[in-house]
Amino acid sequence: MDRLMSLCVPSLNLRMHRSLIDSLEIQSCYLLSEHSCLASGFGSIHFVLLVSRQGKVRLTKWYSPYTQKERSKVIRELSGVILNRGPKLCNFVEWRGYKVVYKRYASLYFCMCIDAEDNELEVLEIIHHYVEILDRYFGSVCELDLIFNFHKAYYILDELLIAGEIQESSKKTVARIISAQDEMVEAAKEEAGSISYIIAQAS
Amino acid sequence: MPAGEGTALPHPIMNSIFSGTRLRDMIRSIRACKTAAEERGVVRKECADIRASINENDPHDRHRNLAKLMFIHMLGYPTHFGQMECLKLIASPGFPEKRIGYLGLMLLLDERQEVLMLVTNSLKQDLNHTNQYVVGLALCALGNICSAEMARDLAPEVERLIQFRDPNIRKKAALCSTRIVRKVPDLAENFINAASSLLKEKHHGVLITGVQLCYELCTINDEALEYFRKKCTEGLIKTLRDITNSAYQPEYDVAGITDPFLHIRLLKLLRVLGHGDADASDLMTDILAQVATKTESNKNAGNAVLYECVETIMAIEDTSSLRVLAINILGRFLSNRDNNIRYVALNMLMKAIAFDDQAVQRHRVTILECVKDPDASIRKRALELVSLLVNENNVKQLTKELIDYLEISDEDFKEDLSAKICSIVEKFSPEKIWYIDQMLKVLSEAGKFVKDDVWHALIVVISNASELHGYTVRALYKAVLTYSEQETLVRVAIWCIGEYGDLLVNNVGMLGIEDPITVTESDAVDVVEDAITRHNSDMTTKAMALVALLKLSSRFPSISERIKDIIVKQKGSLLLEMQQRAIEFNSIVDRHKNIRPSLVERMPVLDEATFNVRRAGSLPASVSTMAKPSVSIPNGVAAAPLVDLLDLGSDDIMAAPSSSGADFLQDLLGVDLGSSSAQSGATPGPKAGADLLMDILSIGTPSPAQNNTSSVDLLSTPGINKNPSNALDTLSSPALPHIATTASAGGMFDLLDGLTPSPSKEATNGPAYPPIVAYESSTLKIEFTFSKSSGNPQETNVQATFINLSPNTFTDFIFQAAVPKFLQLHLDPASSNTLPASGNITQNLRVTNSQHGKKSLVMRMRIGYKVNGKDVLEEGQINNFPRGL
């Protein structure tokens, strides 16, 4: 009950993020460190991580190979570092020789891991781009939307990034492709519905 | 359009028909859980249902099961049992099933799982599907998780799709290709033509991905780089110019910049094209200048573009006017109020130092301010940058600033900061007194964070600065009174007081800048006593204090009774090492007054050069040098004069039981150097981190290199003495601390009359391993002696001696041996094939143990010979090889 309540508290709600977008209230960090046991990947983004302020994982996307064990270790480590960073600090954390760029929108932290020499500022833009598309799709997105429709958040991310690289800079295009696919699903659903209806009738 | 009312799944109607909870309900019930245990319960039940449903193999439940599994997966529970469901969904004909199937594939599997190979065929079919969205799904999945094998199999399909009619497929195919060429660089040349065609596109998505693909190809393949440099540089410059000058386009506008993502990718590609090529660099000068000057810098998007532009300017061939522009941008970044911008500025200034040190030096004050920033990320960057800025001219000023800040910095930053200051001071110090002063300040402020090699280095420097001994010991004495909680400061102080206590008390070697202080002998002893009795002093400190006390007992004869009392108290120490040393030292004080002064003479000046070489090579290089048996020689040599000095019977020199099975016992007894060095000569010294502490201070007990077992470690001295083998080889004069390590346990036993010295078995330089009797029958005895070949710890040379115990001569004597697979055996010819009565012959064997350190040698052998014309065959197995060969 507690958790439901807390998630519905308006202040924790992504719905407010329009104003956040305007004011660009960002906290980010870059992480770097000596021993990198991470898989050596290439490409600008190694993984994307959405974590709630309570440390719950809302979305993970891995573009470089990590074993399941490494994945949960990475999540644990990073959420420990990022959730504990105070406000008004920079949005970058150096971590295991990589940088993690994070940005907080209401109750959610959007994190992306890149190589130490990559453009951190651009990654902040990519995060923001993604949030704007989510916002447009869900209509003032909030964390609950992303919980119950997590697969949609993944579909949208897949239209934005492939192999850790950005594939589309137009929000409109992404929205169009997603809705075209949603329509196909709807159509298939109706068809299936009618068939099952017929079967049910027949039996 | 967004799933509003609980239609989280594609088939809501079916959901109501078939059993099991809906996804939405499952998420609700999981979220309603108040405890982790409750959540586990719900998940367990759901997983059980899903498994049951999978077993029924009902296609209608598949997508829902998979969606649930993905959610469960995100919570961190194992979901491997659902992997096959992904494949089934992908193979089914409908788009909704494929969509969720591919999603599951990307989420639940990674490229290292073999299951993934099974999907190659479905992917191939879908890449040729008539529905472009299905093609899109397949491309996306391939681009995100394909392995090298899949990349090879499907590269032709992807290559073809780069020319597909729909731009959305083209862009996906382009990014998919970037993954393919990363996985299989040989395929790069197949994509060059297709990639260059993408550069002419107008569709931004295709253009972005096309530029990215070209960038990837250029970094992988030199041919591609040449090709794009020749054919595409001008086109790319034009594209960049067009979008830079383009009118407002709402679809692509971000904070006044048209498509910053495309900007950045174009700049990145130009960077690789311009790097190392003056002509290409020349072509792009204008547009780079334009981007650098005209880009709005009040929003993040603009700064991101500027960032990339500066990177490109710094990477391409020298165009000095542009570089001035770039440095100016970085200067502006550095003074920006936004932390992110300052962070990237610091980062990039590090690169800028390479070509314009002066320009970066101008920002020194600002950078120093950043070291004091509340943001850890910024502090860390700034500190890195400062350490690059230091040179002979500004070292004093910068060090002062940093040390001042050390006093007030956060605790968790002190470690990084003090390490940096130490390295700066060591590298640039103009004179010894300044170095010593700065190090004292650092140790006073952050002594507990300083690494061992730093204070070891300080002691080496102090030891070498003979004119400053008095000054240093007085300064340390003053410092330690105030900062007694800084462990390393205390150690250095104790060491100096032990060595130079007389200079402290008598104010010897006063420098003009010093205020005279009055320190009595008992004040000096107070400091040492305090260190040894404080409960939070660690083993090393206490051991050093004990040695210092022994030295002081000779330097300050007037209070040697008091010192003796302190030493005696340590007899009750819970630390075995301390207890033993206390007993030994007490015995020296009590019963060997005549030799004590020479025992505790001042340490010879420590060899700076040797120390530095060792320190530099202390990590990997030392491993190989350690392995050489020759290392044992200096130790042995060092031991010899000591023994003479102590007038101990030479029979007692090496009491060590030399079989390594007795390690444990040796440790208990305080370990003799002879055996430990011998053993380290024979083993590759896994802990060869070269603990120089040992070299300099010679405290404590070198534990044998094989002491990896925890029981032994518990007893041996914690934190120090990891590496016995090259301990002390710089020291060969009979200063006291040698005793602790160099003199063997046997030597010590003489001091401790309570213990019976064990009989000596070998001389110091004797073989590392005891000979064994490999075989003995009524007629024949075989003895093996061992030596290690230098350079290769795996290799053991065995000399077999065959002794005829019978009164008859053996003729046609032949020795054969067999070893298990992990060993390699090489037999040299025997010295003779005739073994006369009571005579012997020898034969050399070389054994290489590939499992060295894990398995012991073992050998089966057969000996054939003729006695009086009759064949005799003897067989045996040798299991009693010394361990560690």
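Of the 885 residues of chain B, 58% count as buried, where buried means under 20% relative accessible area, exposed means over 50%, and partly exposed lies in between (1.4 Å probe, protein chains only). This is a predicted model, in which local features need pLDDT of at least 70, side-chain atom pairs count only at pLDDT 80 or more, and totals for chains, interfaces and linings use all residues. Residues are numbered from 1 along each chain as its sequence is written, chains are lettered from A and ligands numbered from 1 in the order in which they are written, and side-chain values use heavy atoms, with hydrogens and water left out.

Chain B has 41 helices and ten strands. Helices (H or I, at least four residues) and strands (E, at least two) are DSSP runs, numbered from the N terminus. The accessible surface of chain B is about 35300 Å². Carbon and sulfur atoms hold 51% of that surface. These areas come from the Shrake-Rupley method with a 1.4 Å probe; for residues, only the protein chains shown count as cover. Now take the contacts in chain B between residues at least 6 apart in sequence: 70% of them join residues at least 24 apart. Contact here means heavy atoms within 4.5 Å.

B:Val134 gives a local view of such packing. B:Val134 sits in helix α8 (residues 132–145) of chain B. B:Val134 counts as buried because its relative accessibility is 2%. Leaving out residues up to four places away in sequence, B:Val134 touches B:Phe95, B:Lys98, B:Asp126 and B:His129. Take B:Lys98 from that list. B:Lys98 and B:Val134 are 36 residues apart in sequence, yet their C-alpha atoms are 7.6 Å apart in space.

B:Ser387 is another buried residue, with a relative accessible area of 17%. B:Ser387 belongs to helix α21 (residues 376–389) of chain B. Its side chain reaches the backbone oxygen of B:Glu384 at 2.7 Å. With residues up to four places away in sequence set aside, B:Ser387 touches B:Lys420 and B:Ile424.

Charged pairs come next. Over all chains, the count is 52 salt bridges. A salt bridge is a side-chain nitrogen of Lys or Arg within 4 Å of a carboxyl oxygen of Asp or Glu. In one of them, B:Arg152 pairs with B:Asp186, with the closest N and O atoms 3.7 Å apart. This pair links distant parts of the chain, 34 residues apart. B:Arg152 is in helix α9 (residues 148–161) of chain B, and B:Asp186 is in the loop between α10 (167–183) and α11 (188–198). B:Arg152 is partly exposed at 47% relative accessibility, and B:Asp186 is exposed at 54%.

B:Lys351 and B:Glu311 form a salt bridge with closest N and O atoms 2.8 Å apart. B:Lys351 lies in helix α18 (residues 339–352) of chain B and B:Glu311 in helix α16 (residues 300–315), so the pair ties together parts 40 residues apart in sequence. B:Glu311 is buried, with a relative accessible area of 9%. B:Lys351 is partly exposed at 36% relative accessibility.

B:Lys396 and B:Glu431 also meet through their side chains in a salt bridge (3.3 Å, N to O). B:Lys396 lies in helix α22 (residues 395–408) of chain B and B:Glu431 in the loop between α23 (411–428) and α24 (432–446), so this pair ties together parts 35 residues apart in sequence. B:Lys396 is partly exposed at 40% relative accessibility, and B:Glu431 is partly exposed at 36%. Elsewhere, salt bridges that share partners join B:Glu226, B:Arg229, B:Lys230 and B:Asp277 into one network.

Finally, turn to the interface. The contact takes 85 residues from chain A and 87 residues from chain B. The area buried between the two chains is about 7300 Å², of which carbon and sulfur atoms give 56%. Buried area is the accessible area (1.4 Å probe) that two parts lose on being put together, summed over both. A:Leu121, A:Phe148 and A:Phe150 supply 10% of the area that chain A buries against chain B, more than any other three residues.

Across the interface of chain A and chain B there are nine salt bridges. The side chains of A:Arg85 and B:Asp375 meet in a salt bridge at 2.9 Å, N to O. Helix α7 (residues 171–202) of chain A gives the largest share of the side of chain A that touches chain B, 17 residues.

Notes. Polar contact = N/O pair within 3.5 Å; in protein donor to acceptor, adjacent residues only side chain to side chain.
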